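Hello,

Here is the structure I promised to pass on to you. Please have it open while you read, and my notes on it follow just below.

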Amino acid sequence: MRELEQGLWHWQAEHPDWVAGEPWDPAVSSYAIDDGTRLLLFDPLGVPSEIEALGADREPAIVLTAPWHERDSRSLVERLGAPVFTPHPDTQEDLMEQFGLTAEQAGGGSPDVRWLISGEAGEGHFYAAGDRLPFGVEAFPGHKRNDLVLWIEDRGAVVAGDTLADHGQGLQINERWLTASVTRAQVAERLRPLLELPVKHVLATHGGPMDRAALERALA
């Protein structure tokens, strides 16, 4: 764990679902922001004990860039009572369209954060591109409707899940998801308004923290 600036932390942990052959590194990144009142945990996995202990003295909240980045969210909800802010998971129709599945294969849709949707655990707050969360986080459209890029104004920080990632060649738009209907140019155009903002930190959950120059190169 390291403190990038006062009250902004980064750490890495090995993802339990990683298997050999995956194009992404098994060590994924998570971040925490403490403003003295609220503790925000972004795509949390393997939260250090020092950070989790802060949750007892703050108002903790979990923020996911995508529902499949839930990682350790459920266990943290059970320990800290933190609400979860997340985009909606893929519906049956989404899975059929994206992966060419039949209705039977797609079932009831993605199992991501199903425990949150069902009310089995936690307090869920669902957001979409264009929304502003109650603690000053703004959601920008990413590659998919539910993989969003977040802007944290008071930290000058961009948080990216899978749309922008570093898989060993620097921060890039995720080319694995590009199709004839969603091109790299289209994704870059959606995110280029970020370059009009005073970005200091780019917090990639695949790759780690970077600077504004990395974002400029990725969107060029």
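Helix α3 (residues 92-99) gives the largest share of the lining of the second largest pocket, with 4 residues. Helices here are DSSP runs of H or I with at least four residues, strands are runs of E with at least two, and both are numbered from the N terminus.

Before I go on, two notes on the source. This is a predicted model, in which local features need pLDDT of at least 70 and side-chain atom pairs count only at pLDDT 80 or more, while totals for chains, interfaces and linings use all residues. Residues are numbered from 1 along each chain as its sequence is written, and side-chain values use heavy atoms, with hydrogens and water left out.

Back to the pocket. In total, 15 residues line the second largest pocket, and those nearest its centre are Gln98, His143, Lys144, Trp177 and Val182. The lining divides into 7 charged, 5 polar and 3 nonpolar residues. For these classes, Asp, Glu, Lys and Arg are charged, Ala, Val, Leu, Ile, Met, Phe, Trp, Tyr, Cys and Pro are nonpolar, and the others, Gly among them, are polar. The second largest pocket holds about 390 Å³ of space, a volume being the space filled by probe spheres set on the points, which are joined across faces, edges and corners.

Now the whole chain. The protein chain has 7 helices and 14 strands. Its radius of gyration is 17 Å, close to the 17 Å that the globule rule gives for 220 residues, so the protein chain is as compact as a globular protein of that length. (That radius is taken over C-alpha atoms, and the rule is 2.2 Å times the number of residues to the power 0.38.) The C-alpha trace spans about 50 × 40 × 35 Å along its principal axes.

Of the 220 residues, 50% count as buried; buried means under 20% relative accessible area, exposed over 50%, and partly exposed in between, with a 1.4 Å probe and protein chains only. Contact means heavy atoms within 4.5 Å. Among contacts in the protein chain with a separation of 6 or more, 53% are between residues 24 or more positions apart.

Thr86 sits in strand β6 (residues 84-86) and, at 0% relative accessibility, counts as buried. Not counting residues up to four places away in sequence, Thr86 touches Leu64, Ala66, Pro67, Leu116, His125, Phe126 and Tyr127. From Thr86 to Leu116 is 30 residues in sequence and 9.9 Å in space, C-alpha to C-alpha.

Which loop residues have a positive phi without being glycine? One is Asp43, with phi near 45°, in the loop between β4 (38-42) and α1 (49-54). Another is Arg71, with phi near 50°, in the loop between β5 (59-63) and α2 (73-80). Asp43 is buried, at a relative accessible area of 0%, and Arg71 is buried too, at 15%.

Asp25 belongs to the loop between β2 (8-14) and β3 (27-34), and its C-alpha atom is 28 Å from that of Phe126, 101 residues away along the chain. Arg192 is in the loop between α6 (184-191) and β13 (201-204). Leaving aside neighbours within four places in sequence, Arg192 is in contact with Leu219 and Ala220.

Terms used. 1 Å grid on protein atoms, 1.4 Å probe; cavity = no way out; pocket = protein on both sides within 12 Å on 5 of 7 lines; lining within 4 Å.
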